Amino acid sequence: MGATWRSPGWMRLAFCLAGLVLSLYALHVKAARALDQDYRALCDVGTAISCSRVFSSRTEPKALVLTLLTWVPITTATRWGQGFGLVEHVLGRDSLFNQSNSIFGCIFYTLQLLLGCLRSRWASVLLVLSSLVSLAGSVYLAWILFFVLYDFCIVCITTYAINVGLMALSIREVRGPQGKVKGH
């Protein structure tokens, strides 16, 4: 039996849209910081609470991105802000997969929203599997954030919480409605 379309539900829609907006904001902060090192993002509360420092702390231009109708050089952020700090070592710095973590976030939240619109067992299983990957990435990046960078990033922490919420929704969906007996 094929998949049918349905509403993703207001909770999944809210989580995915919030995650997508935060991921796009992180890209904006990174681009704005590349243009102006003195740029202060809305999420920069103090020296120990700075998302712009987490998103864009070092080096030479990696690529250009179109933002607000101008091309901006994107720097390779902290080692961990690009390809989770792992892709460069495995596939090389110039790999297509060595993108900003925010790009992976945009892809993930879009995938979660689209799969959430499908009513099928395989879509439910893919939702859980992709949520597990996002949780593993969230735990890894939270560890880096707190114990390596010694920073607190409001945007990052919020996306981790969104990922937990999406995981809970995905598990609930794969289990199906509780208390209902098939065939009744």
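The crossing of α1 and α6 is left-handed (the near helix is turned anticlockwise from the far one by less than a right angle; clockwise would be right-handed). Helices here are DSSP runs (H or I, at least four residues), numbered from the N terminus. The model is predicted, so that local features need pLDDT of at least 70 and side-chain atom pairs pLDDT 80 or more, while totals for chains, interfaces and linings use all residues. Residues are numbered from 1 along each chain as its sequence is written, and side-chain values use heavy atoms, without hydrogens and water.

**Exercise 1.** Describe the packing of α1 against α6.

*Solution.* Step 1: take the geometry. Helix α1 (residues 10–35) and helix α6 (residues 154–175) pack at about 150°, with axes 10 Å apart. Axes are lines fitted to C-alpha atoms over the stretch in contact, and angles run from 0 to 180 degrees between N-to-C directions.

Step 1: classify the angle. α1 and α6 are therefore roughly antiparallel (over 145 degrees).

Step 2: list the contact (heavy atoms within 4.5 Å). From α1, Met 11, Phe 15 and Leu 22 are among the contributors, and from α6, Val 155, Ile 162 and Leu 169 are among them.

Step 3: sort by class. The contact has 10 nonpolar, five polar and two charged residues. Ala, Val, Leu, Ile, Met, Phe, Trp, Tyr, Cys and Pro count as nonpolar, Asp, Glu, Lys and Arg as charged, and the others, Gly among them, as polar.

**Exercise 2.** Describe the packing of α1 against α4.

*Solution.* Step 1: the angle is about 160° and the axes lie 8 Å apart. Step 2: α1 and α4 are therefore roughly antiparallel, and their crossing is left-handed. Step 3: residues of α1 including Leu 13, Cys 16 and Leu 20 meet residues of α4 including Ile 103, Cys 106 and Tyr 109. Step 4: this contact has 10 nonpolar, seven polar and one charged residues.

**Exercise 3.** How do α5 and α6 cross?

*Solution.* Step 1: their axes come within 8 Å and cross at roughly 155°. Step 2: that makes α5 roughly antiparallel to α6. Step 3: the crossing is left-handed. Step 4: the contact divides into 17 nonpolar, six polar and two charged residues.

**Exercise 4.** Which residues lie nearest the centre of the largest pocket?

*Solution.* Step 1: the lining holds 33 residues, and Phe 84, Asn 101, Ser 102, Gly 105 and Leu 141 lie nearest the centre. Step 2: α1, α2 (51–55), α4 (101–116), α5 (121–147) and α6 each give two or more lining residues. Step 3: the lining divides into 19 nonpolar, 13 polar and one charged. A pocket is, on a 1 Å grid over the protein atoms alone, an open set of points where a 1.4 Å probe fits, with protein on both sides within 12 Å along at least five of seven lines; lining residues have an atom within 4 Å of a point.

Methods. Parallel < 35°, antiparallel > 145°, perpendicular 65-115°, else oblique.
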